[in-house]
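Hello,

Here is the structure for you to look over. My notes follow below it.

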Amino acid sequence: MTADLYCVMGNPVEHSKSPWIHARFAELTGQHLQYGKRLIALDGFAQAVAQFRAEGGRGCNITVPFKFQAAPLATQTSPRAELAQACNVLRFDGDRVFADNTDGIGLANDIRYNAGVHLDGLDLLLVGAGGAAAGVLGPLIEARPRRIVVANRTLSRATALVERHAPLAGRHGVALATSGLGQVEGSYAVVINATASSMSGAEVPVPASVLKPGALAYDFMYGPAAEGFMQWARDHGAVARDGLGMLVEQAAEAFLLWRGVRPPSAQVLADLQGEMARAA
Ligand code: NAP
């Protein structure tokens, strides 16, 4: 029996741990699949998806910078991907293409179950308004914090994101606001860096004054690239957490969507942390 094919598509993609995670999920759940990574030309996403489907691909993850380009290729889009206007998962069933976004539920599950932090009633700062931030804002609202401020380098992107989520925030009684990066007012119990700053080796894009003492400071990046942010957080009295748990949890939701089986994500996160510590 040939293995079902999956992959992650991105640019860059070399750093991705998704192949390792899905191989471990498959091993632990007895699923027969192969999961690779594909570096896609910046103007070649749609062709790459068509090519992968022609090769028999059953689904793919999508990472930087293609998350906004996936929905137009789908015949059906999940409500959460619709709200985010960004997708990190495609599933191929014959002629049908289903687009979803599991980043948000992955982040929410990691914060709640792996980090043990309950967001209800807290003040959150979400830094960034790209594909990843768009994917997490809905699930963060559903966790019912008191307030979420979305700060981004390009303020208009933060404004558009907040306007789109205003009805959901209203239903959950969550206050939403926007800010430029240099002008963030106040301090927050949870600060989430959803920008690509760590990936490009840039400075932490907000001042340390945003951190309440003991705040959870969360970077979407992981591994050595996240170290600058993690050190900044520790230096300013925050609890630092990188995006490895989110990566594993969003992958678990994608695996469930593709295979109908929920993998043991906490075990795989612990395995991956051990694997990365050995390799360091
Ligand atoms: P994207 O759509 O390209 O958006 C990039 C975001 O970063 C935008 O908000 C952009 O601001 C901002 N940005 C880039 N460089 C910056 C800098 N030097 N200073 C301040 N802001 C900067 O990318 P994405 O898909 O949202 O991904 C963002 C990051 O999240 C990537 O590092 C990605 O690897 C990571 N991620 C991790 C997981 C996980 O599971 N751990 C999941 C998804 C994504 P402008 O709008 O002003 O351009």
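This is a predicted model: local features need pLDDT of at least 70, side-chain atom pairs count only at pLDDT 80 or more; totals for chains, interfaces and linings use all residues.

**Ligand**

The shell around the ligand counts 26 residues. Ala132, Asn152, Thr154, Arg157 and Phe220 come nearest. Two helices, H5 (131-142) and H8, each supply at least two residues of that shell. H8 gives the most, with three residues.

- Alanine 196: a backbone N or O atom lies 2.9 Å from an oxygen atom of the ligand.
- Leucine 247: a backbone N or O atom is 3.3 Å from a ligand oxygen atom.
- Glycine 130: the distance from a backbone N or O atom to an oxygen atom of the ligand is 3.4 Å.

On its own, the ligand exposes 920 Å². The protein buries 87% of that area.

**Aromatic pairs**

Now the rings. With ring centres within 6.5 Å as the cut-off, the count comes to seven aromatic pairs. Two of them are described here.

Take tyrosine 6 and tryptophan 258. Their ring centres are 4.6 Å apart and their planes meet at 35°, so the pair is tilted. A stacked pair would need planes under 30 degrees apart, and an edge-to-face pair over 60. Tyrosine 6 lies in strand S1 (residues 4-10), while tryptophan 258 lies in helix H8 (residues 244-259). The pair therefore ties together parts that are 252 residues apart in sequence.

Are these two residues buried or exposed? The cut-off for buried is under 20% relative accessible area. Tyrosine 6 has 3%, so it is buried. Tryptophan 258 has 10% relative accessibility, so it counts as buried.

The other pair is phenylalanine 25 with phenylalanine 255. The geometry is edge-to-face, with 5.4 Å centre to centre and 70° between the planes. Phenylalanine 25 belongs to helix H1 (residues 18-29) and phenylalanine 255 to helix H8. This pair links distant parts of the chain, 230 residues apart. Phenylalanine 25 has 0% relative accessibility and so counts as buried. Phenylalanine 255 is also at 0% and counts as buried.

One aromatic cluster turns up as well. Tyr6, Tyr35 and Trp258 form it.

**Where to start**

I would open the view on helix H8.

Best wishes

Key. Residues are numbered from 1 along each chain as its sequence is written. Side-chain values use heavy atoms; hydrogens and water are left out. Rings of Phe, Tyr and Trp (its six-membered ring) pair if their centres lie within 6.5 Å; planes under 30 degrees apart count as stacked, over 60 as edge-to-face and the rest as tilted. Helices (H or I, at least four residues) and strands (E, at least two) are DSSP runs, numbered from the N terminus. Buried means under 20% relative accessible area, exposed over 50%, partly exposed in between (1.4 Å probe, protein chains only). A residue is near a molecule or strand if one of its heavy atoms lies within 4 Å of it. A polar contact is a pair of N or O atoms within 3.5 Å; within protein, one must be able to donate a hydrogen and the other to accept it, and residues adjacent in sequence count only if both atoms are side-chain atoms. Accessible areas come from the Shrake-Rupley method with a 1.4 Å probe; for residues, only the protein chains shown count as cover.
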